[in-house]
Amino acid sequence: MATPAPAEPIFAARGVTKVYDMGEVQVHALRGVEMDLYAGEMIVLLGPSGSGKSTLLNILGGLDRATAGHVSYCGWDITRAREKELTAYRRKHVGFVFQFYNLIPSLTAKENVAAVTEIAEKPMRPEEALELVGLGDRMNHFPAQLSGGQQQRVAIARAIAKRPSVLLCDEPTGALDSETGIVVLEAIDRVNRELGAATALITHNADIRLMANRVIHMANGLVGSVDVVENRLKPGELRW
Amino acid sequence: MRVLDRKLFRELWGLKAQVLAIALVLAAGLATYVMAAATLDSLQRTQRRMYREFRFPDMFSNLKRAPESVAARIAAIPGVREVETRVVAPVTMEFEGYRFPINGQIVSLPAGAPKLNLPHLHSGRLPEAHREREVLISDGFADAHKMRPGARLLVTVNGRQREVDVVGIASTPEFIYQLAPGSIVPDFATYAILWMNRKPLEAAFNMTGAFNQVAGTLDPGASLKSVLDAMNALLEPYGGLDAHGRKDQVSHRYLSEEFRQLEQMATMFPAIFLSVAAFLLNVVLSRLMATQRGQIAILKAFGYTNAAIVIHFLKLAVLIAAVGLALGIAGGAWLGSGLAGLYRDVYRFPYLDFAILPGVIGISAAYCFLCAMAGTVFAVLRAARESPAVAMQPAAPGLYRASLLERLGLERMFSQPTRMILRNIERRPLKSFLSMIGVAMSTGILITGGFWSDAVDFMVFAQLRRAQIEDLAVTFTGPVPGRALQSLTSLTGVSHAEPTRWVPSRIRFEHRSYRTALQGMTPDGSLRRLLDRDLRRVELPVEGVILTDYLATMLGAKPGDILTVELLEGNRAVRQLPLTGLVSEYVGVNAYMRLDSLNRFMREGDTVTGAFLSADMEREVGIYSRLREMPAVAGTSARMRALRAFYDTLAAQMLMFAFFNTILAATIAVGVIYNTARITLSERSRELASLRVLGYTRGEVSYILLGELALLVFIAIPVGCGIGYSLAGAMAASARTELFRVPMVVNVGTFAFAALVVLIATVVSAMVVRHRVDHFDLVEVLKARE
């Protein structure tokens with residue numbers, strides 16, 4: 001499938017740096033990142049531990065603030081946004097998927113999704129979101145009653161139920177075996193294609209890059225190179 | 001229901017043991033407040049209602065004897081609204097099947113319907129007009145002997161015995177508290193009030209056409225003082241000098257003192273309990289909220305606002321508080337109705353309106369929710385202020401360093417786990433300190449519970465085993481020659497008698513004065529001893545008076561000061577006498593001087609009004625029947641009976657309170673320690689599970705966790721003993737009244753008991769935590785981030 005002809009980037013990061021002040025030492029997580037993410041596109045962020053992938057993703061998602069530089073979302077500078085605006089931004093536009101699922105253990109699959117749909121503007125029904133990730137028959141299970149892959153798919157359903165314009169996935173398969181990982185990636189791929197949510201996916205696993213439109217390689221808090229994938233594969237076609 | 005609310009309920013359910021423990025801490029604090037406030041409230045409302053319905057007078061006066069015509073002159077005093085005169089006489093009684101001495105008062109009922117002090121009939125009827133043998137008896141006495149209308153009594157008035165028929169059981173507002181003269185607590189079996197038609201009583205007491213007691217009401221706005229002054233002036237020729245308002249009416253005064261004390265209980269105890277509970281709640285809730293850090297971050301990542309998150313967790317706190325509130329009010333109501341019932345046994349209210357007023361519930365609720373919120377808001381805000389990206393990461397490893405003990409070069413003494421314990425305590429000194437103080441506070445509260453029974457035991461020991469060691473005390477009908485004692489010592493079974501004399505008097509120092517009985521004692525007497533705080537004997541001076549230490553404090557006088565002593569009987573002499581010593585007494589306040597000096601002061605010869613006897617109590621029944629035959633003997637009381645009565649009434653109240661206190665304190669102790677253990681576990685489960693993975697045994701891991709708890713508890717116990725001792729001191733100081741003082745005594749056993757309860761709570765909590773450590777799912781703990 002061909003890369004969609006990108007007009008305006010939905011995200012544009014310019015000169016983004018992030019410094020963590022750890023008391024006696026300062027850790028430079030990002031040192032001037034430049035990148036774009038286009039509507040409906042899927043990108044994979046590849047890079048070793050400590051290269052700044054998660055920090056970048058968190059800044060894009062409004063979970064963290066850049067120390068310097070700008071990130072614009074549809075022309076709006078989120079680095080200058082106030083706390084309240086960031087909250088509203090996350091609530092309306094961003095879906096997150098984390099490595100460790102981060103489900104609320106006291107809520108069922110459906111309720112975990114409902115925790116988001118209740119505060120979103122035009123969400124899909126929780127059932128619908130769960131159907132989309134193939135968990136229509138597990139709706140009333142608690143996280144402890146689900147396998148890791150199922151939990152991660154609930155997390156994806158939770159992230160997409162608000163119909164986000166951006167889906168940010170931080171090592172969604174990191175804690176899963178390959179077979180389960182593929183099922184999870186299929187869910188993400190489907191959401192990207194069917195809902196058109198721009199998707200950024202962090203992984204350690206270089207093989208996953210083949211399901212993206214573009215691959216951004218990161219190292220030492222900087223973008224090293226950007227590859228365009230000519231023949232985007234379906235997750236089922238991946239091998240690792 | 002919103003999903004988040006559902007989350008709330010499920011999580012509450014998951015935390016149920018902890019929720020219950022926190023709620024119990026709060027409930028225990030509230031229960032003391034509800035118990036005391038509701039009891040006080042109920043008693044006061046009942047008192048007001050009874051005073052109103054049964055027409056309790058505003059003023060009273062006793063006198064020797066005045067013709068009935070004087071009543072009209074009293075009624076003519078400006079400000080006086082109603083006047084009722086009557087005849088009151090001391091009586092002794094006996095009835096078939098009861099051989100111990102019974103003392104009492106017989107009070108006349110007016111010919112028409114009574115205007116004041118209306119009798120409330122519990123059963124039976126009023127004596128019919130012109131019936132000379134019909135009487136009412138007080139309900140306390142009737143209860144003590146299970147006596148019903150129809151019973152027959154042998155009554156001795158003025159030395160003459162007669163038979164009367166009980167036609168009704170009654171109570172009046174002037175005898176809510178019924179105290180025999182000279183006793184320290186009511187004893188309903190041996191003290192009774194009788195009411196009888198006035199005519200026959202006048203005849204029996206040589207008071208025909210006359211009265212010896214008067215009571216009245218005032219016009220609204222009238223000045224009590226000017227009416228009393230006018231009454232004293234009017235009644236002086238008739239032997240009356242003691243016109244007084246409600247304030248000095250015996251029953252009312254005792255009630256007021258009791259209410260004052262209850263009020264202190266209703267403020268001081270709950271203040272202590274509640275502040276401890278609030279503090280603990282704060283510590284526990286803020287630590288509980290800290291464990292929710294990850295969840296708070298996720299909710300923020302979804303776009304929940306800080307306000308929404310704070311409200312969500314506040315609901316959690318408020319629900320816990322609501323459980324505490326419900327338990328506290330229910331527990332307080334239950335304890336309160338028990339306590340009020342106990343008061344009713346002593347204070348003979350004919351009924352009791354026990355209710356918990358909305359105000360009490362309102363204050364409890366407000367307090368409860370405030371405590372819960374204070375503990376929650378800051379902790380949640382702290383978590384919510386963190387950037388969600390940071391909060392979602394496992395917390396960065398804390399900055400540890402070698403502990404002080406290790407830096408001092410003692411590291412070789414400690415194993416690695418012990419070092420972890422020490423470093424953990426030292427790294428978070430505030431948290432460790434707060435946990436320690438929490439446990440110490442509960443230890444302290446436990447000590448205050450035990451303190452009451454120590455104090456009661458000491459009071460009894462000092463007063464009834466060291467100071468008053470006579471077997472029997474005899475009161476004469478009035479002043480009699482000292483040789484009357486010979487007839488007492490001649491009784492079979494009586495080995496020794498010591499004379500005494502009571503003279504009503506007023507003692508002044510500077511602008512303060514106090515009415516009491518000045519008691520004449522023989523200086524070498526062995527049956528009544530004046531003792532100081534350390535139970536050492538205080539010598540009676542030839543010239544001078546000795547006061548109960550509390551009375552001296554009330555007067556502002558100290559030994560060496562010159563007091564003005566005004567006798568209110570006989571020659572009404574006034575003299576300046578030095579205060580030469582203080583005696584430590586826990587019940588009542590008294591003034592003492594040498595009997596011979598007192599008689600000289602009165603310008604009388606060897607005169608006595610009573611005697612203390614040393615007797616063979618195996619023969620008491622024989623002694624009693626002989627004493628009854630002596631016309632000069634007005635009443636007899638036995639020390640051991642007084643002791644029993646003391647334990648049955650005053651001590652029962654205090655011990656009941658102490659018992660509640662102990663239960664509540666133990667609840668708090670368990671609640672605090674259990675929560676400390678559980679929260680420490682959830683804070684550190686990941687770390688501890690990692691150690692297990694590294695090959696540490698369950699025992700070693702438990703040691704790291706529980707060793708810290710144990711160390712804190714061992715520090716907390718001595719600190720708590722100090723706190724408890726100070727709290728007991730504060731309580732003793734606030735409970736001092738002229739009726740009784742609580743000695744500041746805490747026995748070693750009380751400290752040991754408190755320590756034991758805390759240790760048991762620790763062991764049980766440790767066992768629960770240990771059980772959890774043993775069942776760690778290592779893989780899960782390491783895989784999932786909490």
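Helices (H or I, at least four residues) and strands (E, at least two) are taken here as DSSP runs, numbered from the N terminus. In this predicted model, A:T199 belongs to strand β8 of chain A, which covers residues 198–203. A:T199 counts as buried because its relative accessibility is 0%, and the cut-off for that class is under 20%.

The size of an interface is often given as the accessible area lost when the parts come together. The values for this pair of chains are set out below.

| Quantity for chain A and chain B | Value |
|---|---|
| Residues of chain A in contact with chain B | 25 residues |
| Residues of chain B in contact with chain A | 22 residues |
| Area buried between chain A and chain B | about 2300 Å² |
| Salt bridges across the interface | 3 salt bridges |
| Polar contacts, both residues at pLDDT 80 or more | 7 residue pairs |

Of the buried area, 59% lies on carbon and sulfur atoms. A salt bridge joins B:R6 to A:E111, with 2.5 Å between the closest N and O atoms. On the side of chain A that touches chain B, the elements giving two or more residues are α2 (83–93) and α3 (109–117). By class, that side of chain A consists of 12 nonpolar, 5 polar and 8 charged residues.

Definitions and conventions: Residues are numbered from 1 along each chain as its sequence is written. Chains are lettered from A and ligands numbered from 1 in the order in which they are written. This is a predicted model: local features need pLDDT of at least 70, side-chain atom pairs count only at pLDDT 80 or more; totals for chains, interfaces and linings use all residues. Side-chain values use heavy atoms; hydrogens and water are left out. Contact means heavy atoms within 4.5 Å. Buried area is the accessible area (1.4 Å probe) that two parts lose on being put together, summed over both. A salt bridge is a side-chain nitrogen of Lys or Arg within 4 Å of a carboxyl oxygen of Asp or Glu. A polar contact is a pair of N or O atoms within 3.5 Å; within protein, one must be able to donate a hydrogen and the other to accept it, and residues adjacent in sequence count only if both atoms are side-chain atoms. Ala, Val, Leu, Ile, Met, Phe, Trp, Tyr, Cys and Pro count as nonpolar, Asp, Glu, Lys and Arg as charged, and the others, Gly among them, as polar. Buried means under 20% relative accessible area, exposed over 50%, partly exposed in between (1.4 Å probe, protein chains only).
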